[in-house]
Structures are given as C-alpha cells and as structure tokens.
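I opened the notebook to go through one model, topic by topic.

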Amino acid sequence: MRKTFENLLSSSSFRDASVISIAALLIWLTAVESDLYERFHQYIIAHEDKELDEVLIAFLIVGLAGYVFAIRRLLDLKKEAKARSQAEIKARWIAYHDFLTGLPNRRFFEESSEEHILDNLKSDAYSVIAIDLDGFKQVNDLVGHEGGDYLLKTVSERLVAAFPGEVVVRLGGDEFVVVASGNERERIREKCSETIHTLTQPMTISGVHVEIGACTGYACYPQDGDSLKSLSLCADIALYAAKREGRNTVKAYQPGMSEQLKRRAELERSLRVAVRRGEIIPHYQPMVDLQTGEIRGFEALSRWQRNGNGAANVSPATFFPLAEEVGLIVELSEQVLRKACLDAARWHGDVKLSFNLSAALLCDRLIASRILMILSETGLDPARLELEVTENALVRDVDLASEIFAALQAEGITIALDDFGTGYSSLSQLSKISFDKIKIDRSFINSFEQDETKYGIVKTMISLAHGLGIDTVAEGLETEGQLLKLKELGCKYAQGFLYSEAVPASQVETLMEEFALSDIKSCG
C-alpha cells in the first residue's frame, strides 16, 4: 500500500509539472512570436483610466501565492507519505517480533519466505535448533511474572550472544528456535551443548538465586529435510526426544523418531479416552505387619488395560509421566483416589488405604481441600487414608509440601515418605517434614540378605526410623530369607510378591480371608 501511495504521488506530481511546463513553453513561444508584452504594454498606457496595470499586478500576486501553496502542498504530501511509510514499517516490525525480547516471533518464522530467513546466514548449509527451557514455570512461580520476564530477556540475550549473526526466534513461552549456519552434525551438537551450558548459568532475580535447565533438538540441511519447514518439524521431534531423556539433553534428529512420535500421539489419545471413560482403576497390594502377620493396609496401584478385550496393560511408569506432560495428572489422580476411597470404605475393620501423590499434585495449594472433599463424598474416615510421596517430588517446593501435609495430618491423614534412600536429600526431607512412616525402596531389599553393603544400609534406615519414632515399610519383599532378616532388624511392615501381587477390588475381601486362614500368616 505504501509503494502504491508513493507511486501515485510521484506520477501525479510529474504529470502536473509536465503540463505546467508545456503550457508555460507554449505561452512563451506565442508571446515571443506576437510581441505580446509590447502590445499589452501599449494597450495599458492607452487605457490608463481602466487601471489595468493594477489588475495585472493583482493577478501576478495571486499566481505567485498559488505557486507557493502548490509547493507547500507537495512537501506536505511527501511528509505524509514518509510518516505513513514509517508507521507501516513499525507496524510490520511489531507484527513480526516478540514485544518482550525483541526477537523475531512465530509469525515471522511461519510467514516469512524461506529465502528471506536464509539470506541472513553466512552459508548455504544450515541447521535448525529447537530449544525448550526446563523449570521455567517453577522459577516464574517463585519470582513472579516480572521475574519471569527478566529471565526470558536474559535467556534471549544469551542466545543472541551464542549465535551472532544467526536467526534467533522466540516461538512463545519458553520455546526458541535458531536457524544456524553449518550442517556438520558433531559441530552442531557441540554448539548445542555449549548453548545449554550458557543458558543454565545461575542468575539472581529480585535477590533470589535461580537456575533453569534446557533441552535442544536439531536437524541439518539437507540430510534431514529439503526445506526450512521440514527441518523445523524434525528439530521439534528431536527436542521431544531430548525432553523425554531429561534435563539438559541434546538430541539430533533420527528417522525413527517420527514413528516414536506417532506412537506417543496415539498413546496420548488413548490415555485421554481412558481418563474420560474412567478405565484406569486401582488394584491393591497388601501391607503386612511383620510381627503379627496381619494385613494392616493396601497400597492402591493404578492399572490400565488399554482398549480392553485382553489387550496388554500399559505400565504406570509410562502413563503417569505422560499424564503429567499433557495436563491430565490431576484429573486422573483424583479419579483413581475417589474409586480407591469408595472401595476402602467397604473394607471391614481399620485396614488403611495407601495412595501415592505425584509431584504435580504437590504444586497445587488446593490439593488438601480436594482430598478432604473426596473423603467426605466417599465416606472414608481420614484416619484410614495414608498418602505416599517420593523424595524427588518434594524437591520442587518443600515448604509448600510441608504446609499441605500439615493440613492433611491435622485431619488424621498419615503421610509416608516413599522410595526412601533413592533421592538426594533424604535426611533433609526428614528434618523439614513430619512423616508418619518411611518406605524402604525395593532396590535395597533386593538380595540385601547376601549383600553386606545393602544390609548395612537397610539396618541404618530402620535404626534411623526407630530413633525418630517412625514406622518402616519394606517394599519388594519376595523371599522368606528377606522376611527373617527384616524381622531381626525390627522393620514394622512389608509388602511384596511374597504375600501377594496387586489384586482388583473384587478380590480384596477374599484375599484378607484367605490370608487370615492360610499358613502364610505363620511366615510372619
């Protein structure tokens, strides 16, 4: 539009100037040919009484004024054209750049021609690097939105410094993409590793020391794709694979990754359907008192038999992390907990229900009130509910977890520290949070009766728990030899295949009856 306006202006001005110039030339030639001025002058002298000379002067003044007005109008039009051009340039810049960081945005990356983007590169060979930050949400929650904005600006500055002269784009949120010169895989991998090291350097925001992680996936031209668009898709697929492996990971695109992504997408769709239909249900593994041999509780373990009709089960280690990634974990956890509480409310006696809380739930300040609401709806006594949490789940926000547990314990719910000893801050967690029970991870119980190192660790854990007045539960009990050793050490409870695998709700009562009558009780 701007060019059209300028062309119109310039063509109109040129036409007017041409017409005026031709008219002036014709008048001049006519005047010269006919001695027009001399004749007109003689006529004015002969008719002095008509004041024709004054009239002529008036016409000359008006003509001069019109000429001056025309020049000023032409200058105004040029000024207006320049202002409109600058406004359109600014509007286009705003449309194609991120307001916070000043980097090109997703619209620029998707709408600009490939040639326009690649013109900025130093060579015809290039790579696309997809970058995603790890832990940004937690930092944003910790330092607020202004602090989060400062972090994103800092990350943007570090990326621009890491890729001078290259195309750095902020796609949105904590996602970035870089179109970089060169397509040598090893060199690009090294560059990605250096970039992660740069981005993860600690920073201080509002007096708070914070750190983030980053994952990158990259694809190279022409090995992985024949266009910028196809390379971008490949880099995204590689980034997804990197994020699945964990924090600060670099992945190059491999052809097989596309198939993995398709399988993952299919599994995600199936998971959404399963949650909507309530197909993921709890099974129950007994927790036995080692001194009396009685069942004291059942741990609820989620089971998903995909598509039914005898289809293979999907492991909780697969679908629970996926539920967290796609935002289904809260709905899924509450759904399974509600079913478990309804089942437990029908059990006789004071047998407890143990349920594991995921890390995502511990970031929700309202989780305590929602759990209490579920107990109220199902009629299960809070004193019969035990919530388990892993050490790694506490790392996100220990103070918030402590507040949540205190509110739950005030209602009679007990809290157990699951997989004790597998995290990196076991003693720290015990000092900050009041636990009612600790569960010794199966990795320590496995063959500990023959392994002196494992035996010493288990013995120390049980002694520590006794000193703190906390009960212990051994997970993964499989042999009578393990059972005898645990009794000698003073372990309070155990669960594992020696007693039973996890069973559906319909078999719990039968299991308790059989257990009470069988010789297995004598094993205790």
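The entries below follow that list.

**Confidence**

I am working with a predicted model. I looked up the overall confidence before anything else. The mean pLDDT of the protein is 83. I noted that 85% of its residues reach 70 or more.

Where is confidence lowest, and where is it highest? Helix H1, residues 2-34, has the lowest confidence, at a mean of 61. S11 has the highest, at 95.

**Aromatic pairs**

I found seven aromatic pairs in the structure. I wrote up two of them.

The first entry is Tyr284 with Trp347. Their ring centres are 5.2 Å apart and their planes stand at 90°, so I list the pair as edge-to-face. Which parts of the chain does this pair tie together? Tyr284 belongs to strand S8 (residues 281-289). Trp347 sits in the loop between helix H11 (329-344) and strand S11 (352-356). The pair therefore ties together parts that are 63 residues apart in sequence. Both Tyr284 and Trp347 are buried.

The next entry is Phe405 with Phe435. Here the ring centres are 6.4 Å apart and the planes are at 55°, so the pair is tilted. This pair, too, links distant parts of the chain, 30 residues apart. Phe405 is in helix H14 (residues 398-409). Phe435 is in the loop between helix H15 (426-432) and strand S14 (437-440).

Tyr284, Phe298 and Trp347 form one aromatic cluster.

**Charges over rings**

I noted two cases. The charged end of Arg107 sits over the ring of Tyr96, 5.2 Å from its centre. The charged end of Lys437 sits over the ring of Tyr493, 4.8 Å from its centre.

**Ser270**

I placed Ser270 in helix H9 (residues 256-277). Its relative accessibility is 10%, so Ser270 counts as buried. What does Ser270 touch, not counting residues up to four places away in sequence? I found Trp304 and Arg306.

**Backbone**

I kept one general point in mind here. Most residues other than glycine have a negative phi, and most peptide bonds are trans.

The peptide bond from Tyr221 to Pro222 is cis, with omega near 5°. Pro222 lies in the loop between strand S6 (213-220) and helix H8 (228-245).

Ser206 is not a glycine, yet it has a positive phi of about 55°. I found Ser206 in the loop between strand S4 (203-205) and strand S5 (208-210). At 71% relative accessibility, Ser206 counts as exposed.

Ser447 is not a glycine either, and its phi is positive at about 60°. Ser447 is in the loop between helix H16 (442-445) and helix H17 (452-468). With a relative accessible area of 26%, Ser447 is partly exposed.

Terms used: Residues are numbered from 1 along each chain as its sequence is written. This is a predicted model: local features need pLDDT of at least 70, side-chain atom pairs count only at pLDDT 80 or more; totals for chains, interfaces and linings use all residues. Side-chain values use heavy atoms; hydrogens and water are left out. Rings of Phe, Tyr and Trp (its six-membered ring) pair if their centres lie within 6.5 Å; planes under 30 degrees apart count as stacked, over 60 as edge-to-face and the rest as tilted. Helices (H or I, at least four residues) and strands (E, at least two) are DSSP runs, numbered from the N terminus. Buried means under 20% relative accessible area, exposed over 50%, partly exposed in between (1.4 Å probe, protein chains only). A charge sits over a ring if NZ of Lys or CZ of Arg is within 6 Å of the ring centre and within 35 degrees of the ring normal. Contact means heavy atoms within 4.5 Å. pLDDT is the predictor's confidence in each residue, from 0 to 100.
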